[in-house]
Amino acid sequence: MSSYGSLPVSIVGLQGVRLLAGLPDSVLREVAERCHFRRYTAGATVVARNDDDHAVYLLIKGRLRVVALSPTGREVSFRDVGDGECVGEIAAVDGGPRSATVIALDESVLARLAASDFLDLLRLHWPICERVLAGLANTVRQLTDRVYELSTLSVNQRLASELLRLALAVDSGATGRVKLTPMPRHAELAARVGTYREQVTRELAELTRLGIVAKHDDGLVVEDLERLAGLVSGRRATG
């Protein structure tokens with residue numbers, strides 16, 4: 001096993017996983033010994049919906065997307081996962097089949113931890129259990145918001161809500177202008193808001209006409225967060 005300083009590379013990688021933050025190196029060493037580390041190429045499937053694999057995957061480096069695919073191949077996107085995050089907790093906790101498909105967006109390095117080893121960590125270390133509970137609660141909140149939006153909001157409102165969500169993820173304290181880089185792909189936005197790429201293209205053109213968003217170099221600039229939020233709440237935008 002290669003090393004970084006006095007620690008194996010695998011342990012150094014696990015130190016960046018938020019779920020394991022604060023654990024002593026001796027515990028990380030035990031976790032590393034139970035993990036299977038693997039590199040995934042961009043576009044590779046990490047887990048597939050309805051699989052019986054119950055392991056938890058810790059993302060050391062890279063970017064993942066959690067999606068559901070319809071029988072016709074249409075993609076519904078739930079969330080993106082970045083360095084230090086993890087996926088697979090639901091199946092590990094309840095023993096059921098995978099609830100979604102996870103795809104590598106970039107070349108990614110993951111550590112696979114068997115469900116039994118993951119549950120041992122929860123029993124032995126309350127901070128980890130607390131983080132998992134908080135993460136699952138946050139997932140429920142996000143999915144509740146998505147169900148509400150799909151049930152009650154129009155396509156232009158859902159798109160405005162998603163752009164607002166992306167902008168606040170870049171700068172949670174922003175009140176005016178935020179640049180989203182790289183430029184969000186229309187197909188990805190459509191997968192997030194439950195519509196078609198062509199509809200997103202039309203709605204973005206209208207937001208551009210109103211001066212609420214603008215294309216700039218390699219990004220999309222949200223020019224007016226307040227007006228964007230107004231669209232979500234049903235206030236009519238004029239321009």
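Okay, housekeeping. This is a predicted model, where local features need pLDDT of at least 70, side-chain atom pairs count only at pLDDT 80 or more, and totals for chains, interfaces and linings use all residues. Residues are numbered from 1 along each chain as its sequence is written, and side-chain values use heavy atoms, with hydrogens and water left out.

Let's start with the sheet. It's open, with three strands in the order E11-E13-E12, paired antiparallel. When I say strand or helix, I mean DSSP runs numbered from the N terminus: E, at least two residues, for strands, and H or I, at least four, for helices. Two strands pair if DSSP finds at least two bridges between them. E11 (178-180) and E12 (213-216) are the edge strands, each pairing on one side only. Neighbouring strands here are turned by 30° against each other on average, ignoring direction; angles run from 0 to 180 degrees between N-to-C directions, with axes being lines fitted to C-alpha atoms, for helices over the stretch in contact.

E11 and E13 (residues 219-222) are joined by three bridges. If you want to find one, Lys179 has Val221 in E13 as its bridge partner.

Now, what packs on this sheet? That's helix H6 (residues 155-170), which touches E11, E12 and E13, and its direction makes about 105° with that of E11. Contact means heavy atoms within 4.5 Å. Buried residues in H6 include Leu159, Leu163, Leu164 and Ala167, where buried means under 20% relative accessible area, exposed over 50%, and partly exposed in between (1.4 Å probe, protein chains only).

On to the cores. A nonpolar core is a set of buried Ala, Val, Leu, Ile, Met, Phe, Trp, Tyr and Cys residues joined through side-chain atoms within 4.5 Å. The largest has 24 residues, and Leu14, Phe118 and Ile128 are among those with the most contacts inside it. Helices H1 (9-15) and H5 (126-152) are among the elements that each supply at least two of its residues. Ile128 touches Leu19, Leu20, Leu23, Leu121 and Leu122, not counting residues up to four places away in sequence.

Last, the backbone. Most residues other than glycine have a negative phi, and most peptide bonds are trans. Thr181 and Pro182, though, are joined by a cis peptide bond, omega about 0°. And Asp217, not a glycine, has a positive phi of about 50°. Asp217 sits in the loop between E12 and E13. Is Asp217 buried or exposed? Exposed, with a relative accessible area of 67%.
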